[in-house]
Amino acid sequence: MAASEDSLRRALVEKQSTIESQGNAVRALKASNAEKKAVDEAIEKLNALKLEKSSIEKQLQASVSGNPGSSVSKEAFRQAVVNTLVGRLFFIPSFKIYGGVAGLYDYGPPGCAIKSNVLAFWRQHFVLEENMLEVDCPCVTPEVVLKASGHVDKFTDLMVKDEKTGTCYRADHLLKDFCNEKIQKDLSITAEKAAELKHVLAVLDDLSAEELGTKIKEYGITAPDTRNPLSDPYPFNLMFQTSIGPSGLSPGYMRPETAQGIFVNFKDLYNYNGNKLPFAAAQIGQAFRNEISPRQGLLRVREFTLAEIEHFVDPDDKSHPKYSEVADLEFLMFPREQQISGQSAKKTCLGEAVSKGIVNNETLGYFIGRVYLFLTCLGIDKDRLRFRQHLANEMAHYAADCWDAEIESSYGWIECVGIADRSAYDLRAHMDKSGVPLVARERISEPKEVEKLVIAPVKKELGLSFKGNQKKVVEALEAMNEKEALDMKSSLETKGEVEFHVCTLGENVTIKKSMVSISKEKKKEHQRTFTPSVIEPSFGIGRIIYCLYEHSFYLRSSKAGDEQLNVFRFPPLVAPIKCTVFPLVQNQQYEDVAKIISKSLTAAGISHKIDITGTSIGKRYARTDELGVPFAITVDSTSSVTIRERDSKDQIRVNVEEAATVMKSVTDGNTTWADAWANFPHHSSVSAEE
C-alpha cells in the first residue's frame, strides 16, 4: 500500500476517535449546565475537527481514485472519452438497432483508420525489422488441434450463478469489484483492512475455485443485480464450439488465439527458412472468447484482433544479436519479488534486469524492449506503462518466464501485451498428438558416438497396405518416443502384429512385423536434433487502442472560455486523418486552391479531409481536434497557406506548392513540427481562432 494512503487512513481513524471524544466532552458540558462560553468553545473545536476530517477524507478519496490534485474522477473522465468516441463514430455497439450484444463492437471510420495505422506500424516495427514470416490461418480450428494445445480441457474461467435466476457472473470479477469498491469508496475501513483487500487483489489470479468461493462467502458477496446468493465457482470453457461440415461429426472451435496456426505449420516454415534457427513467424487475425460477463467496453470483448509472434530459438542459446540495441532502455518493471513484498513498480534498466536474471534470457529481454518502444511510439504514456512479471504460481509449469506489458487506464492496470518464454511445450504437444516431428537440426563440428533408437519403416510394405495414407503412417511411426517404440517391438516379436493409432488419420491401423524395423544401434551423430523453444509476444490490439484513446484525450477551453473542447493528441503515426484542408472563407478561388492541395496530398499518400462548408474556421478546427487530426491547412490566399499544429495551435506559412511536401515530411516522421516551425515564417493565429 502506498505510504500516503496508509497514513491518511490511520489519520482518519485517529481523527474520528478525537471527534468522538470531543463530542462526549460537549455532551458532558451541556449535562453539567456549564457556562455558555465553555460550551460554545467546545462546539467550535468539534466543528473544526469535523472540517479536518472532511479534508482528510477528500485527500484519501483522491489518493485511492488515482487522481490526487484532480477534480475529475476516473468515471467522469472515462465517460467523457467514451461519449466522444461514440459521438464521433470511433466505435459503436454491434447490432445497435436490435439492442446490441454484450461484448461485440463495430469500429467506425476513424476507429478503422487508427486500427489500420496501428497494425501497419506493428508490421513495420516487428515483421519487417526482424524479417519475420507472416502467415494467415483459418479462424475455425479442428478440435484435435485445440485438444493437443490444452484449450479444450483448460481454457476456462471460474463462473458463479445466481441461485434463483440462473444469471452467470465471472467469480474473480465479483471479488475484484468488491475489493475495489471497499478500498475506493468505504473510507471508514482501517489501513489493515485496506491492506488485506489489496493483497487479495494482488493474488486474485492465483486463487483456486475453493479459495475464490471461500472469499466470496467470507465477504458476503451476492449477485449484483438481485442480491441473491451465489453458487460455488465452477469452470466454464470460453471457446465458441462449432462443427465442420454438414454431418456434425467433425467438431471444431472458433480459435481463442492465433498462435496454434503457427505451431502446426512449424515444419514447413522451418524448411522455408532454409532449416535455420532462430526465426520468427507472425500472424494478425481475429480471435474469439465466449466471455462470461463482458464489460469494460472495448477492453473485454468476445471477438477481437490479436497480433502474435512466435520466435523459435535454440533452447541452449537464447542470446539475441540485436539485444544491445535495447539493453540501455529504462522503464517501469514490476518483478515478482516486488509484488510479493507489496512494493510498487520501479524504473529499471533492462540490461541490468537481464544480467541479474530477473528477466530469464536475452531474447525475452530483447522483445520486452521492442514492445516498450512500439507502445511509446504509438503514444502510450511511458509513465503509465509497466512490465509485470508473472508470479511463480501464475505461470504455466512449462514456462521459463512471462511478463505482461500493462497500461494504466481509468479501469486500472490493463494487460495489453504478454511476452512469454514458453519453452518447447507447444511444439512437443503437437508432435505428441500428431505424430509429426516438429524439430530442428544443427550440424555438430565433431561427430560423437551414441546409442540410438532406429525406427526404419518398410515403405514398400506400408505402401501395399495403406496406399495413399502411407506417408502419414510412416511419419507417425518415426515420431514414436523410445518407450512406445520398444513396446511395439516387444509386441511384434511376440504377436507378429500390433494396433497403432495414427493421429493424422484419426484411427487405429494394424502394423505387422514386416512393416517396420525397430532396434538400438551405436551410431555416429553428425547433427543434433532438438525441439526449439518459443518466445511469444502476444498483442491485444483492441486493448492497446482503447488505452491509447485515454492517454491521448484531454479537454481545453474554447477561445471565449465558455466551453470545454475535446481533443485527442494522437501522434501523426496513428492519427485517423493526417490533416484537413480549409478555405478560410467561402471563395471560389480559395476552394480551387484547396482542391489542388487535396490532389497533391492524395498523390503523396496522405489521408486528409477537405471542408469547404461555410462554418467558422474556429469551429472547423474544434471538429478536427476532436478527431485527433494533427494538422490543418488553411487557404487564405491563392499563393500561400497556413499550417496549424493541433496541440500548440501554432501556425506557419508555406507556399501552396510546398504544402503537400511539408505535410509528407512531418507526418512520415522524417522531420518534426519543431523543424517546420524553425524553417518557415510564423503566422499569428488570433484572427483565425476567433
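Colleague: At which residues does UniProt place the feature "coiled-coil region"?
Modeller: First, this is a predicted model, where local features need pLDDT of at least 70, side-chain atom pairs count only at pLDDT 80 or more, and totals for chains, interfaces and linings use all residues. Residues are numbered from 1 along each chain as its sequence is written, and side-chain values use heavy atoms, without hydrogens and water. UniProt annotations may be inferred rather than shown by experiment. In an unreviewed entry, UniProt puts that feature at residues 29-59.

Colleague: How far apart do the end C-alpha atoms of residues 29-59 lie?
Modeller: That span is 87% helix and 0% strand. Its end C-alpha atoms are separated by 33 Å.

Colleague: Why do H16 and H17 count as oblique to each other?
Modeller: Helix H16 covers residues 459-466 and helix H17 residues 470-478 (helices are DSSP runs of H or I, at least four residues). Their axes, lines fitted to C-alpha atoms over the stretch in contact, are 9 Å apart, at an angle of about 130°. Angles under 35 degrees count as roughly parallel, over 145 as roughly antiparallel, 65 to 115 as roughly perpendicular and the rest as oblique. H16 and H17 are therefore oblique.

Colleague: Which residue in E19 is the bridge partner of His501?
Modeller: Strands E18 (residues 497-502) and E19 (residues 507-512) run antiparallel and are joined by six bridges (strands are DSSP runs of E, at least two residues; pairing takes at least two bridges). In E19, His501 has as its bridge partner Asn508.

Note on methods. Axes are lines fitted to C-alpha atoms, for helices over the stretch in contact, and angles run from 0 to 180 degrees between N-to-C directions.
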